[in-house]
Amino acid sequence: EDCVNEAVTAALTQNEFDACVSLAFNIGCRAFKGSTLVRLLNDGDYDGASAQFRRWDKQAGKTLAGLTRRRAAERMLFEETTA
C-alpha cells in the first residue's frame, strides 16, 4: 500500500488502488514505481494505465497462464466502478 501511495499521485477509486496494490505486491515496488502504468496513471490516462496490466504476465520472458489470469482479474477490478 505504501508503494502505491508513494508512486501514484492521481486520484484512485478503492478498486483502482486495490488492483495497483495487488500488482505492486506481485512485481515488486521498484518495478511498479518505474512502470508505464504508473506514468500513465499520473498523467491522468486511466484507460492507458488499465491496458498496462496485461504486460506483466511473463517470467523470464515466458508468458505464464497463471499470471495472465491474475493480470486480467486485476484489470477487471481496476475498471470496476464502485457504488
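The structure is a predicted model, in which local features need pLDDT of at least 70 and side-chain atom pairs count only at pLDDT 80 or more, while totals for chains, interfaces and linings use all residues. Residues are numbered from 1 along each chain as its sequence is written, and side-chain values use heavy atoms, with hydrogens and water left out. The protein chain has six helices and two strands; helices (H or I, at least four residues) and strands (E, at least two) are DSSP runs, numbered from the N terminus.

**Overall fold**

- From the N terminus on, the order of elements in the protein chain is α-α-α-α-α-β-β-α.
- The radius of gyration of the protein chain is 12 Å, close to the 12 Å that the globule rule gives for 83 residues, so the chain is as compact as a globular protein of that length. The radius is taken over C-alpha atoms, and the globule rule is 2.2 Å times the number of residues to the power 0.38.
- Along the principal axes, the C-alpha atoms of the protein chain fill a box of roughly 35 × 30 × 20 Å.
- Of the 83 residues in the protein chain, 35% are buried. Buried means under 20% relative accessible area, exposed over 50%, and partly exposed in between (1.4 Å probe, protein chains only).
- Among contacts in the protein chain with a separation of 6 or more, 57% are between residues 24 or more positions apart. Contact means heavy atoms within 4.5 Å.

- In soluble globular proteins, nonpolar side chains tend to be buried together.
- The largest nonpolar core has 19 residues, and those with the most contacts inside it are Val4, Val8, Cys20, Phe32, Leu37, Leu41 and Phe78. Helix 1 (2-7), helix 2 (14-27) and helix 4 (36-42) each supply at least two residues of this core, and helix 2 gives the most, with six residues.
- Such a core is a set of buried Ala, Val, Leu, Ile, Met, Phe, Trp, Tyr and Cys residues joined through side-chain atoms within 4.5 Å.
- Leaving aside its neighbours within four places in sequence, leucine 41 is in contact with Val8, Ala10, Leu12, Cys20, Tyr46, Ala49 and Phe78.

**Helix 2**

- Helix 2 has 14 residues and reaches 20 Å from its first C-alpha to its last, close to the 20 Å expected at 1.5 Å a residue. The expected span of a helix is 1.5 Å times one less than its number of residues.
- The buried residues in helix 2 are Asn15, Glu16, Phe17, Ala19, Cys20, Leu23, Ala24 and Ile27. They pack against helix 1, helix 3 (29-33), helix 4, helix 5 and helix 6.
- Just after helix 2, glycine 28 takes a positive phi of about 100 degrees.

**Helix 6**

- The 15 residues of helix 6 (residues 65-79) should span 21 Å at 1.5 Å a residue, which agrees with the 21 Å between its end C-alpha atoms.
- Leu67, Arg71, Glu74 and Phe78 are buried in helix 6. Seen down the helix axis, the buried residues of helix 6 fall within an arc of 60 degrees, so they line one face of the helix; the arc is that of the directions from the helix axis to the C-beta atoms.
- Exposed residues Ala65, Arg69 and Met76 are carried on the face of helix 6 turned away from its buried side.
- The buried residues of helix 6 pack against helix 2, helix 4, helix 5 (46-52) and strand 1 (58-59).

**The aromatic pair**

- Rings of Phe, Tyr and Trp (its six-membered ring) pair if their centres lie within 6.5 Å; planes under 30 degrees apart count as stacked, over 60 as edge-to-face and the rest as tilted. By this rule the count comes to one aromatic pair.
- Phenylalanine 53 and phenylalanine 78 form this tilted pair, with 5.4 Å centre to centre and 55 degrees between the planes. Phenylalanine 53 lies in the loop between helix 5 and strand 1 and phenylalanine 78 in helix 6, so the pair ties together parts that are 25 residues apart in sequence.
- Both phenylalanine 53 and phenylalanine 78 are buried.

**Individual residues**

- Serine 50, in helix 5, is buried, with a relative accessible area of 2%. Leaving aside its neighbours within four places in sequence, serine 50 is in contact with Arg75, Phe78 and Glu79.
- Lysine 58, in strand 1, is partly exposed, with a relative accessible area of 46%.
- Alanine 60 lies in the loop between strand 1 and strand 2 (62-63) and is exposed, with a relative accessible area of 82%. Phi of alanine 60 is near 55 degrees, a positive value in a residue other than glycine.
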